[in-house]
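Trainee: Could you take me through one part of this model slowly, namely the place where the two chains meet, and set it in its surroundings as you go?

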2 protein chains.
Amino acid sequence: MTVLPVLPVVAETSRTGIMQIDAPYLLFLGDATDQLAAKTADGIARWRADKVLGQFRLPGCRADLGLREVTLEEAAAAGARSLVVGVANRGGIIPPAWVESLSRALSLGLDLAAGLHQRLADLPELAVQAERLGRRLFDVRQPDRSFQVGTGVVRSGRRCLTIGTDCSVGKMFTALAIEKELKARGWKADFRATGQTGILIAGSGVSVDAVIADFISGAAEWLAPANGEDHWDVIEGQGSLSHPSYAGVSLGLLHGAQAQALVLCTEPGRPHMRGLPGRPLPSLGDCIAMNEACARLTCPTARVIGIAANTAAMDGPQARRWLDETAAEFGMPAVDPLRDGAAPLVERMLP
Amino acid sequence: MTVLPVLPVVAETSRTGIMQIDAPYLLFLGDATDQLAAKTADGIARWRADKVLGQFRLPGCRADLGLREVTLEEAAAAGARSLVVGVANRGGIIPPAWVESLSRALSLGLDLAAGLHQRLADLPELAVQAERLGRRLFDVRQPDRSFQVGTGVVRSGRRCLTIGTDCSVGKMFTALAIEKELKARGWKADFRATGQTGILIAGSGVSVDAVIADFISGAAEWLAPANGEDHWDVIEGQGSLSHPSYAGVSLGLLHGAQAQALVLCTEPGRPHMRGLPGRPLPSLGDCIAMNEACARLTCPTARVIGIAANTAAMDGPQARRWLDETAAEFGMPAVDPLRDGAAPLVERMLP
């Protein structure tokens, strides 16, 4: 345990300074094998349409976001600043077929950003060229800076954190929907990204599951710093306190976030915890109790203010019944942000 | 979150293979400014006297473990396999005054092991020499291998984990005392180290706070693997679920450990959480409840079986009264392992 009485310790070497991916983006769909492979690009186009010039596809690409088709040269001429890899393949690698396009984007003046397992910076061809041209390579799966250990010292500002019964239950989507609703109501609000897709959408953030374990809560404190009482940070949660693989990440994030408002995300009907056949999901009630108990270590007023469900597997009436019954059972709003938006959640967050 | 449906992902590059520091050790006390600076060496000498050939001190050294003074040449001739740096200075660096001795140890055939912030391997003089001679440099503060994500799948064997109200309350000491008592009673038992001093004592282990966040519980599962029902792993805890800086590490370790027996370590009278003036320690009752609730995610029978207190700040009668009252309040043994040993704890662990 890195405990020093005076100054918290800084770990990790700083690599590229503070990450901020510049817009406008050209979204690279590569040779995506299906629409789902381009879900990162889809998220960017959905939530940050104003940042996106268009899509760039290679021959054989089977994904289509319905955006304008823009060549690398057209994008550069139109002022694009970054080519964002919005496609993933099995294994998370950068296939040879992409490299010529990525290299040409660099030569045309664009930065590159990706959230794959294989790093752009690990391809010597790209690394050398970027260095020579002064272009930046953003590998958002790895943190690009050092952090201090968290302190738990109470800080100003309003914060919301999406938590989950499990991984991949809509925590990013819900946070983005809440940010959008807050802004629509005239609040200052920032979505704070903690995973690779979220970082590519926001243009900045920290992939908290890739931080050194001692610095999880410190990274969260850095990501959502003290702010005015007229400002909301809406922080993307990760994992679940109930997931045996990732609960440490979830708890550090919960402590570092100091969120007054927690929103519990879930997917009704999921048969088991993601990646762990045979392990059932926790009950919503247990999840609420455990998260509130833990969160209050650093934010004594923390409480779960609503439930966000991914009801894609249900038809409309089924979903409505589940949401209504859940809202009644727990005495708080229960919505599917994709069907309903986040207004009922935001109403419970506001003073 | 690194979630794959089939195979868990391996992160971190493997560096030196599986860490196993070979004995016998020569303990290097350097130019320690006082006895406390050599507390790592003291721990090794206390708990692994059978591994220790003697101590080696530089001129001006103010620490003395009362061991035989052995020169590097004498140690090599006597079969020493490793020179273990058992001294720390402010900043955790390797001062120039040590390098000649460390280098000579390498040339005499010894490996080097240290748990400082500055890595042995980062001193080119030592790194080049070790490479040339085929010697090993153990920097135990950094993990030396890759891990998989935890699974939470129930595994065989008996496990005990020391947990804490705070950092630095005697979790390592207590675990070592329990291991010793188990062995004295004829059980197979292994102390499983999770911090740098513990690793130097055990000769192997994982510095879990230095693991990538996604792999905390996976590292703990690796550290204390499935075993026979006649075998105890006694796992050194880290941090505290109640420490806002490090709780993520503590939770991942708790989930990965799958310990049936938890021992709560504390220091009565400590004014605030370590490194965080103004933040009070949790109550023992809250700590027990929170740890049991979390532990049961991966080990449904987990329970706190006793309390281990560091009562160094109390006189004998004060300590006895505190321990007796605490035992009565919680209905479980409460001991100071340094004063009392760990027998009452072990009696509660055994079937």
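Mentor: Before we count anything, a word on terms: helices are DSSP runs of H or I with at least four residues, strands are runs of E with at least two, and both are numbered from the N terminus. Counted in this way, chain A of this predicted model has twelve helices and 13 strands. Its C-alpha trace spans about 55 × 55 × 45 Å along the principal axes, and its radius of gyration is 20 Å, which agrees with the value near 20 Å that a compact globule of 351 residues would have.

Now turn to the part you asked about, where 41 residues from chain B and 41 residues from chain A make up the contact. On the side of chain B that touches chain A, the helices α7 (216-223), α8 (247-257) and α9 (284-295) of chain B each supply at least two residues, and α8(B) gives the most, with six residues. Sorted by class, this side of chain B holds 21 nonpolar, 16 polar and four charged residues. The copies meet through the same surface, because 100% of the interface residues of chain B are also interface residues in chain A. The superposition of the chains can be read alongside this: a rotation of 180° with 0.0 Å of shift along its axis brings chain B onto chain A, with an RMSD of 0.0 Å. The two copies are therefore related as by a two-fold rotation axis.

Finally, consider the largest nonpolar core, which has 225 residues, and in which A:Leu27, A:Leu112, A:Leu262, B:Leu27, B:Leu112 and B:Leu262 touch the most other members. Leaving aside neighbours within four places in sequence, A:Leu112 is in contact with residues including A:Leu83, A:Leu102, A:Leu126 and A:Phe138. In soluble globular proteins, nonpolar side chains tend to be buried together.

Note on methods
Residues numbered from 1 in each chain as written. Chains lettered and ligands numbered in written order. Predicted model: local features only at pLDDT ≥ 70, side-chain atom pairs only at ≥ 80, totals over all residues. Core = buried A, V, L, I, M, F, W, Y, C linked by C-beta atoms within 7 Å. Buried ≥ 20, exposed ≤ 12 C-beta atoms within 10 Å, placed from the backbone. Contact = placed C-beta atoms within 7 Å. Least-squares fit on C-alpha atoms with pLDDT ≥ 70 in both. Nonpolar A, V, L, I, M, F, W, Y, C, P; charged D, E, K, R; others polar. Rg over C-alpha atoms; globule rule 2.2 N^0.38 Å.
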